[in-house]
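Colleague: I am new to this structure. Please take me through one part closely, then show me how other parts are put together.

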Amino acid sequence: MKNIVKSFGPVNALKDVSFTTQGGEIHGLLGENGAGKTTLMNVLAGTFPPDGGTILIDGKEVVGMTPRKAAELKIRFIHQELNLCNDLTVYQNMFLGEEYTRNRWKVDKKRELEHTQKVLDSMNSGISAFTVVAELDTAQKQMVEIARALLFSSELIIMDEPTTALNNQEIMKLFTIMENLKKDGVSFIYISHKMPEIFRICDRYTVLRDGSFIESGNIRDIDEHKATELLVGKRFVEAHIKDGIPSSITEEVVLKATALTGKTFKDVSFSLRHGEIVVFTGLQGSGTDELATSLFGATDLASGTIETKRGPLALKDIRTVMKSGIAMIPRNRKERGILPDLTIRTNNSLAYLVTKHKGLFVSQKQEHARFERSRERMNIRVSSDLDLITSLSGGNQQKVILSRWLEIDADVYIMDNPTQGIDVGAKFAIYKLVVELASQGKSVLFFTSEYPEIHQLADRCFVLYKGEVAAQLDRATISEVSIMEYSTGTYRGNLE
C-alpha cells in the first residue's frame, strides 16, 4: 500500500500511509485507538475506497478494490466486531455469499457441511457445523470467524483483535494454526493491543499514530517499552496508578452479596466497602461473566441475596437496579454497550434518561452540554456529537459508554472487562478514572482476566474456579503467580 489517504468529512483518518507485508510472515500493525489501523485494513479489504494512493498485490496494482475482489485475491479480514448472522447455522455463515452450488442454482448443502466440519475439526474447535450461531458463546463465534478465513485457502489474513474473547488455551491454539499456515506461505496482518501477543507471534511491525505512518521494522529489534513509546509518542509511565491518590475506604459496607448461585457459579459471598475497588477474576468459564450480569439484574439468580446501603436489592428489572444506585459498564461493547443506530449524544445520555430525566420532552441543549462534559472528562475524539456512535473508533465508543454511567452518580460501579480492545494509553486513562472514582467515595466491582489491571487497581481480589470462590486476596498477597494458581485449581483457600 503506497501513500494511502482517507478522510471521513473533516476527520483525516489516514495521511499518506504506506504499508508493506511479505509472503509467509506475521506482521503486527500497532497503534492506539483511532490511529487508523482498522481504516487502513478496510481500504485493503475493499470496504472503503481510498481518497488517494495505490494498492499492489504481488507487484501488480489493483484498481477499484472491493470486498469481492479482495476475496478473489485470497485476502480475508476477520473484524474486531463479529460479523456473523445469529439466526443461521455455522456452515451457512461460513459460505454466506460464496455458496457451493450444484445444477447451477441449488446450494450443495452436503459439500458445505463436510468442508466446514473439516476446517473446524482441524482447529480442534469442538464446534458442530450444524449449530445455530446464536447458541455459541463469544469465544466460539470468534473461532468461527477464524475458520471462515481458513475455509477458502486465503493467502493474506487480516486479524483485528482476534483474541479479545479467547482464553489462554484458545490463544495458543490460534497461534499454532497461524504458525502452521505461515510455513505454507500464508501471511497475516495482526492487529492487537496486547503487547505480549505481538512479541510472541509477530515477525515484523508497523506503527501508526494519528493516521500517520511512524515506523516499520523487525519485532526482534524493539522491546515492549520501545513499542509503547512509538504508540503514544512518549515513554509510558509505569508507576502504580494509585500512587499519590489518597484512599477513601471506610468500614461502611455499600453492597453485600450472600450465597449467590446462578447457572455458572454457586455460593458466592462478598462485601464491598465505601471507596473500595474489588476485582473478580478467573479463567473463561469460571463464572465471572454471569456473576457480573447477575449483580445488575441482567441475568437471573437461582438463589442468594444482595443488600445495599439503601436496603435489599430487588433484581426484578434493570431500571430498578439502576435507581438503587448501581451502574454497569458491560463487556462486548457492540452487543451490549452501544445502540448503533443512535447518535453519540443520545448514547451518552441513555442512563441519565432512564434514571433521572423528568418530563415529556428532551432538551437538545442540555443533551449537548451533557456530552461536552463527557468529552472533556474522557478526552473523547469526535467531530460532532450528532454523528452515529459507530463513526467512532472502538476506544472512543468505550469512553462514551463509561461517560454515560458517570452521569447518574451511582454508589456502585460494576465494570465488566471495560478495557476490552483498548490501547495502552486509553487503558491508563480508564485505570485513572476508576481510582479517582474510588477516591471520591464511589465503590467499584471490576471484572477482568488481565493481571496488570488487577495489580493496578485491586484493594481486594476474588478468584473464581469452576464457579466457586477459590481465594480472596488482599493487596499485599496479590501476585500473578498466586492468581494463576487459584484460577487453575492448583490451590484452594484464603477465603477469610
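How many bridges pair strand β1 with strand β4, and in which sense do the two strands pair?

Modeller: Keep in mind that this is a predicted model. Strand β1 covers residues 2–8, and strand β4 covers residues 52–57. They pair over two bridges, in the antiparallel sense. Look at Lys2: across from this residue, in β4, stands Thr54. Helix α1, residues 37–44, packs on the sheet. This helix touches β1, β2 and β4. The direction of α1 makes about 70° with that of β2.

Now take the sheet as a whole. It is open, has four strands and runs in the order β2-β1-β4-β5. The pairing is antiparallel. At the edges stand β2 (11–17) and β5 (60–62). Each has a single partner strand, so one side of each is left without a neighbour in the sheet. Neighbouring strands here are turned against each other by 35° on average, direction ignored.

Another open sheet of four strands has the order β14-β13-β16-β17. Its pairing is antiparallel. The edge strands are β14 (268–273) and β17 (311–312), and each pairs on one side only. Strand β13 spans residues 253–261. Five bridges join β13 to β14 in the antiparallel sense. There, Leu260 stands opposite Val268 in β14.

Next, a helix pair. Helix α13 holds residues 364–378, and helix α14 holds residues 394–406. Their axes lie 10 Å apart, and the helices pack at an angle of about 120°. That angle makes α13 oblique to α14. The crossing of α13 past α14 is right-handed. From α13, the residues Ser374, Arg377 and Met378 take part in the contact. They meet Lys399, Leu402, Ser403 and Leu406 in α14. The residues of this contact divide into three nonpolar, two polar and two charged.

Last, the aromatic rings. A pair of aromatic rings is described by the distance of the centres and the angle of the planes. The count comes to eight aromatic pairs. One of these is formed by Phe280 and Phe447. Their ring centres are 5.2 Å apart and their planes lie at 15°. Planes under 30 degrees apart count as stacked, so the pair of Phe280 and Phe447 is stacked. Phe280 lies in strand β15 (residues 277–281), and Phe447 lies in strand β20 (residues 443–447). The pair therefore ties together parts that are 167 residues apart in sequence.

Key. Residues numbered from 1 in each chain as written. Predicted model: local features only at pLDDT ≥ 70, side-chain atom pairs only at ≥ 80, totals over all residues. Heavy atoms only, no water. Pairing = 2+ DSSP bridges. Axes fitted to C-alpha atoms, helices over the stretch in contact; angles between N-to-C directions. Parallel < 35°, antiparallel > 145°, perpendicular 65-115°, else oblique. Left-handed = near helix turned anticlockwise from the far one by under 90°. Contact = heavy atoms within 4.5 Å. Nonpolar A, V, L, I, M, F, W, Y, C, P; charged D, E, K, R; others polar. Phe/Tyr/Trp six-rings, centres within 6.5 Å; stacked < 30°, edge-to-face > 60°.
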